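Please look over the fold below before reading on.

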Amino acid sequence: MGTAGTSIDEMAGERRQLINVAYRLLGSLAESEDAVQEAYARWYALPRSRQDEIVSPGAWLTTVTSRICLDVLGSARARRERYVGAWLPDPLPDHAEWDHSHGTDPADQMVLDESVTMAFLVVLESMTPAERVAFVLHDVFRYPFAEIADILGRTPAACKQLAASGRRRVRVAQAPVTAAGQADTVRHVKEAWETKDIAALVDLLDPAAVMTADGGGMVGTVLRPIEGGARIAQYMVAIADKAPGLELLERSVSGVPGLVARHAGAVTTVASFDVADGRVTRIWAVRNPEKLRPWVREGGPVRPIM
């Protein structure tokens, strides 16, 4: 059956699925939106006779979007080597939190689940582009290896091996605690940070904890990860000292409890946490203003405080 009855609305309805696939492949809302837009552009550039031959336009769009993402992943490594400081995936706000005035913001299309947490996306960043595509499409979206093989230009058996390799990387990563358990720990971190209680922060941080910040060279922040709970605690208190009136808010960040820092009414930092046995093992602090746009509800500027 062809696509003679496929309407513009039906084609547009695929956008949510495509954005979700692209974001998990790329970790960037802007790049995901660009990939999906390019896939639609290629669809509408097809002659109508060719469109009518395509049995499933949605599957065609997913294939094309995935191939575009594969190309982006191939070039992203070189671009991220030139990135100022550490590169982190875009943090996603809860549906009730972001600025809806943009209407078509790709964040509005996101399904928030364990496959978009910062901890999960950071593991995906460690995979090769082919591993990431095979793992995400099969293990997250349940695409058959025969379809993935068409995207990657490899055999289904090879794609199965790629997904298995990606799966092993994920298993090595520490299993997350329950949302309730993480919320309690994050709340205690917030309270200790607000009161500048270094001893309490040290107690809440694993001795081997690591804090990574992403400012993209656009705002001030540490360029290398800070290692050790005591050093991180001292750094957090130093931040608070430099920003009188710093406001910390408990918010869902990419589907799990996190913190949002505001200064003079502007969102300055969105922090994600990994927690084990009641202590924070990893902190990812996103400060790049381009990555904080979905969080800015009143359009205020980002004010550097680090």
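The text below goes from the whole chain to single residues.

## Basis

This is a predicted model, in which local features need pLDDT of at least 70 and side-chain atom pairs count only at pLDDT 80 or more, while totals for chains, interfaces and linings use all residues. Residues are numbered from 1 along each chain as its sequence is written, and side-chain values use heavy atoms, with hydrogens and water left out.

## Overall make-up

The chain has 12 helices and six strands. Helices (H or I, at least four residues) and strands (E, at least two) are DSSP runs, numbered from the N terminus. The chain counts 306 residues, and 52% of them are buried. Buried means under 20% relative accessible area, exposed over 50%, and partly exposed in between (1.4 Å probe, protein chains only). Take the contacts (heavy atoms within 4.5 Å) between residues at least 6 apart in sequence. Of these, 66% join residues at least 24 apart.

## The sheet

Six strands form an open sheet with mixed pairing, in the order β2-β1-β6-β5-β4-β3. Two strands pair if DSSP finds at least two bridges between them. The edges are β2 (226-227) and β3 (247-253); each has a single partner strand, so one side of each lacks a neighbour in the sheet. In a regular strand, side chains alternate between the two faces of the sheet.

| Strands | Bridges |
|---|---|
| β3 and β4 | seven bridges, antiparallel |
| β4 and β5 | five bridges, antiparallel |
| β5 and β6 | seven bridges, antiparallel |

Start with β3 and its partner β4 (residues 256-263). Valine 253 has valine 256 in β4 as its bridge partner. Next comes β5, where alanine 271 is the bridge partner of leucine 259. The hairpin of β4 and β5 has two residues between the strands, and alanine 264 takes a positive phi near 55° there.

How many residues of β5 are buried? The count is 11 of its 11, and β5 is mostly covered. On the β6 side, aspartate 274 stands opposite arginine 282 in β6. The hairpin of β5 and β6 also has two residues between the strands; in it, aspartate 277 takes a positive phi near 55°.

## Helices on the sheet

Helix α10 (residues 179-194) lies across β3, β4, β5 (266-276) and β6, and runs at about 25° to β4. Helix α12 (residues 229-242) packs on the sheet and touches β1 (205-214), β2 and β6. The direction of α12 makes about 50° with that of β1. For these angles, axes are lines fitted to C-alpha atoms, for helices over the stretch in contact, and values run from 0 to 180 degrees between N-to-C directions.

## Aromatic side chains

There are three aromatic pairs in the structure. Rings of Phe, Tyr and Trp (its six-membered ring) pair if their centres lie within 6.5 Å; planes under 30 degrees apart count as stacked, over 60 as edge-to-face and the rest as tilted.

One of the pairs is tyrosine 40 with tyrosine 44: the ring centres are 6.4 Å apart and the planes at 15°, so the pair is stacked. Both tyrosines belong to helix α3 (residues 29-45), four residues apart, or about one helical turn. Tyrosine 40 is buried at 8% relative accessibility. Tyrosine 44 is partly exposed at 45%.

Tryptophan 43 and tryptophan 60 are edge-to-face, because their ring centres are 5.4 Å apart and their planes at 65°. Tryptophan 43 lies in helix α3 and tryptophan 60 in helix α5 (residues 57-81), so this pair ties together parts 17 residues apart in sequence. Tryptophan 43 is buried, with a relative accessible area of 2%. Tryptophan 60 is buried too, at 18%.

Arginine 80 puts its charged end over the ring of tryptophan 87, 3.5 Å from the ring centre. The criterion is NZ of Lys or CZ of Arg within 6 Å of the ring centre and within 35 degrees of the ring normal.

## Cysteines and a proline

How many disulfides does the structure hold? The number is zero, with a disulfide taken as a pair of cysteine sulfur atoms within 2.5 Å. Cysteine 69 is buried at 0% relative accessible area. Cysteine 159 is buried at 0% as well.

Proline 294 lies in the segment after β6 (279-286). Proline 294 is buried, with a relative accessible area of 4%. The C-alpha atoms of proline 294 and proline 93 are 7.1 Å apart, although 201 residues separate the two along the chain.
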